[in-house]
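Thanks, everyone, for making the time this morning.

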Amino acid sequence: MQKKLIPGALFIILLLASCGPAAVPQPQANAAPVTLPATWTPTPGATGIPTATEFPTFTPVPPVPPLASPTFDSFEALHEMFQDSLFSPNGRWTAYRDPDKLRVVSNETTRVWTLPCELFEECSTVFPVKWSRNSQVLYFAPAPTEGGSPKGIMSLTALAMINVRSGKWEMVLPDSDRHYDFTFSPDDDYLAYTQSTAKDADEPSVTLGIVNLKNKKEQQQYTLEGTYAGNMIWSPFKPRFVFVAYDPQRGSAVGYYDIETGFLKYALEFETRDIILSEWGQDNLVSLEVRDWGTNSRTYRVLNPFSGELLGD
């Protein structure tokens, strides 16, 4: 005769069978600390993502600034060309002036890079200049404490770049008492720059240079005597650009330079006028504004940079 299991005993047997070895808690990995390079300091007391109200309102720069008499107010001219804040293409970073330094803030974490004036030999404030297309590199530049340049020509004492992921920074155009104007090619392969003497130099001159941004090396360099230069505009088709050369006595001219051939010429010779270049169009013509010194009349023209023909009234 088979014995029947008592229901209570059956429950105890099943309970003991279901128990395995005791679970051992696994050690928790500590989060790796985020360290900043020694030259950078986080914003004191930063506890979260800055709100949008901390950033100045973004206002697009007009394609052609209002033309006025030649000015040496360099800070005012730089405000016409740069924004106080600049957002990365992917929207994850914001760079803004604050006020004698530049702060680069992550919009997703609390990370902040601080780029003070002390990084440069001469500096009154630091402007955000341009983001790389992949949002990893920010170019920035210091404004001078004094000096200036003709209308339409920038006046900066250096150009630097920072990798916002690592915080590593380096100079692109080194500190100089000769002020820079510069522009990036449409494909970001080249940096064209001018480096002019101070406005009160006894013998004005300007260095025209090309930097290959792939290897950060100087590719070509020329010197023009007796003039300032800048306001460079790239062709949308090939690595070539036009620029304004300015002489306080002779007026303005337009230079043309082709990187592939090394060909340099004046597309327009010096005349007593102010010129501001605005765009190299898809029709291969360059739009510009002209103010005659004698009559103060202003005209908007287009230039054939190859033939030197000036079109329009």
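Let me begin with Ala160, which stands opposite Met171 in strand 8. This is a predicted model, in which local features need pLDDT of at least 70 and side-chain atom pairs count only at pLDDT 80 or more, while totals for chains, interfaces and linings use all residues. Residues are numbered from 1 along each chain as its sequence is written, and side-chain values use heavy atoms, with hydrogens and water left out.

Strand 7 and strand 8 (residues 169-173) are antiparallel and pair over four bridges, where pairing requires that DSSP finds at least two bridges between the strands, and strands are DSSP runs of E with at least two residues, numbered from the N terminus. The hairpin of these two strands has five residues between them, and there Gly167 takes a positive phi near 85 degrees.

Strand 7 also runs antiparallel to strand 6 (residues 137-143), with four bridges joining the two, and here Leu138 stands opposite Ile162 in strand 7. Why is strand 7 largely enclosed by the rest of the structure? Because four of its five residues, 159-163, are buried, meaning under 20% relative accessible area with a 1.4 Å probe, protein chains only.

Turning to the cysteines, the structure holds one disulfide, that is, a pair of cysteine sulfur atoms within 2.5 Å. The disulfide joins Cys117 to Cys123, with an S to S distance of 2.0 Å, and the link is left-handed, at -65 degrees about the S-S bond. Cys117 counts as buried because its relative accessibility is 9%, and Cys123 is buried with a relative accessible area of 15%.

Terms used. Buried means under 20% relative accessible area, exposed over 50%, partly exposed in between (1.4 Å probe, protein chains only).
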